[in-house]
Amino acid sequence: MNKQTGRRRLRQTIVGIVILYFIGGVVLYLVQEKIMFHPKAVSKDHLYSFDRPFEEVNIDFGKENLSIIKFKTSKERKGIVLFYHGNMSNVEHYKKYCEFFLRNSYELWMVDYPGFGKTTGKRSEKIMYEQALIMYELASKEINSDSIVIYGKSIGTGIASYVAANKNCRQLILETPYYSLRSLAKHYLPIYPVGRLVKYSFPVNNYLETVKASITIFHGTEDEVVPYKQSKQLIEEKPDISLITIKNGRHNNLSDFPLFQSTLDSLLQL
């Protein structure tokens, strides 16, 4: 093979790599919603089968529906936990959390994002924020802000942090948070300009700067979805955050650990 042929093949290889890189970026941009969100919609006539007393609230949101489930405590209500869940299914997927809050005399309110459960319409970061605030405003009409606990899990930590940054609450609790969604995307896609590709930002780090309430983070050392170091980054910037490290904890099993349950019980007794 002469030098000219070698140079031609090298150019072809480089062009091929550039084309593949470009195609990969386009595909990632187009399918990111399917990567980030895994909703399960149900019909408006669907009957939820929770084993706890609950109230279903459906609110008109423009031409769409916003669905909120309120789990009721049988004891005298101490406060309300506003729960912003992860990217899976709908509120039914997170019903196991009822026990932790109801036994501490807190009502548990969960909102479904657009496309999840009975919430309909187009999903965007702006809309998710707006709907999250609607749930807060409903709670604030019933109790004082110092009886409201804001809780976020996984993707919901960005939404919960936004609400806590803009509204008063008793405390903010985050389970497996990311530094920002773009930071998390950069972890998985270091070769791409994720700032331009990712449609959602959810900058948890920025929101926590203005949260006045106490903040507690739960994160497992073996989290396979959101690396533990993302939480470490958050507390490096805001050292007064309490980081509860769950040794060997993964992304979706922290609530099985005694340390998680006992710490959460203690927080709800404050």
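**Close-up views of a predicted model**

**View 1. Strand E9 and its partners.** E9 and E10 pair in the parallel sense, with 5 bridges between them. The model shown in this and the following views is predicted. Within the pairing, Thr216 stands opposite Ser242 of E10. E9 also pairs with strand E8 (residues 171-175), again in the parallel sense and over 5 bridges. Here Gln171 has Ser214 in E9 as its bridge partner. Of the 7 residues of E9 (residues 214-220), 6 are buried, so the strand is largely enclosed by the rest of the structure. Together with helix H8 (residues 228-237), strands E9 and E10 make a β-α-β unit that is right-handed.

View 2. Ile246 belongs to strand E10, which covers residues 242-246. Its relative accessible area is 1%; because buried means under 20%, Ile246 is buried. Beyond its neighbours within four places in sequence, Ile246 is in contact with His219, Gly220, Thr221, Leu254, Phe257, Leu259 and Phe260. The C-alpha atoms of Ile246 and Phe218 are 7.1 Å apart, while the two residues are 28 residues apart in sequence.

**View 3. Thr263 in helix H9.** Helix H9 (residues 258-268) holds Thr263. The relative accessibility of Thr263 is 15%, so this residue counts as buried. Leaving out residues up to four places away in sequence, Thr263 touches Phe218 and Ile244.

View 4. Phe50 lies in the loop between strand E1 (38-39) and strand E2 (54-61), and Phe71 lies in strand E3 (residues 64-71), so the pair ties together parts that are 21 residues apart in sequence. Phe50 and Phe71 are both buried. In the pair of Tyr162 and Tyr207, the ring centres are 5.4 Å apart and the planes stand at 75°; because planes over 60 degrees apart count as edge-to-face, this pair is edge-to-face. Tyr162 sits in helix H4 (residues 156-166) and Tyr207 in helix H7 (residues 204-208), and the pair links these distant parts of the chain, 45 residues apart. Tyr162 is buried, as is Tyr207.

**View 5. An aromatic cluster and charges over rings.** One aromatic cluster is formed by Phe37, Tyr113, Phe116, Tyr129, Tyr162, Tyr200, Phe202 and Tyr207. Over the face of Phe37 lies Arg123, at 4.5 Å from the ring centre. Lys70 lies over the face of Trp109, and the distance from the ring centre is 4.2 Å.

**View 6. Two nonpolar cores.** The largest nonpolar core has 51 residues, of which Leu82, Tyr84, Ile150, Leu172, Phe202 and Leu208 touch the most other members. Helix H3 (residues 125-140) gives the largest share of this core, 7 residues. Another core, of 28 residues, lies apart from it; its members include Val91, Tyr94, Ile246 and Leu268. In soluble globular proteins, nonpolar side chains tend to be buried together.

Note on methods. Residues numbered from 1 in each chain as written. Predicted model: local features only at pLDDT ≥ 70, side-chain atom pairs only at ≥ 80, totals over all residues. Heavy atoms only, no water. Helix = DSSP H or I, 4+ residues; strand = E, 2+ residues; numbered from the N terminus. Buried < 20%, exposed > 50% of the residue type's maximum accessible area, 1.4 Å probe, protein only. Contact = heavy atoms within 4.5 Å. Pairing = 2+ DSSP bridges. Right-handed = clockwise from strand over helix to strand, strands pointing away. Phe/Tyr/Trp six-rings, centres within 6.5 Å; stacked < 30°, edge-to-face > 60°. Lys NZ or Arg CZ within 6 Å of the ring centre and 35° of its normal. Core = buried A, V, L, I, M, F, W, Y, C linked by side-chain atoms within 4.5 Å.
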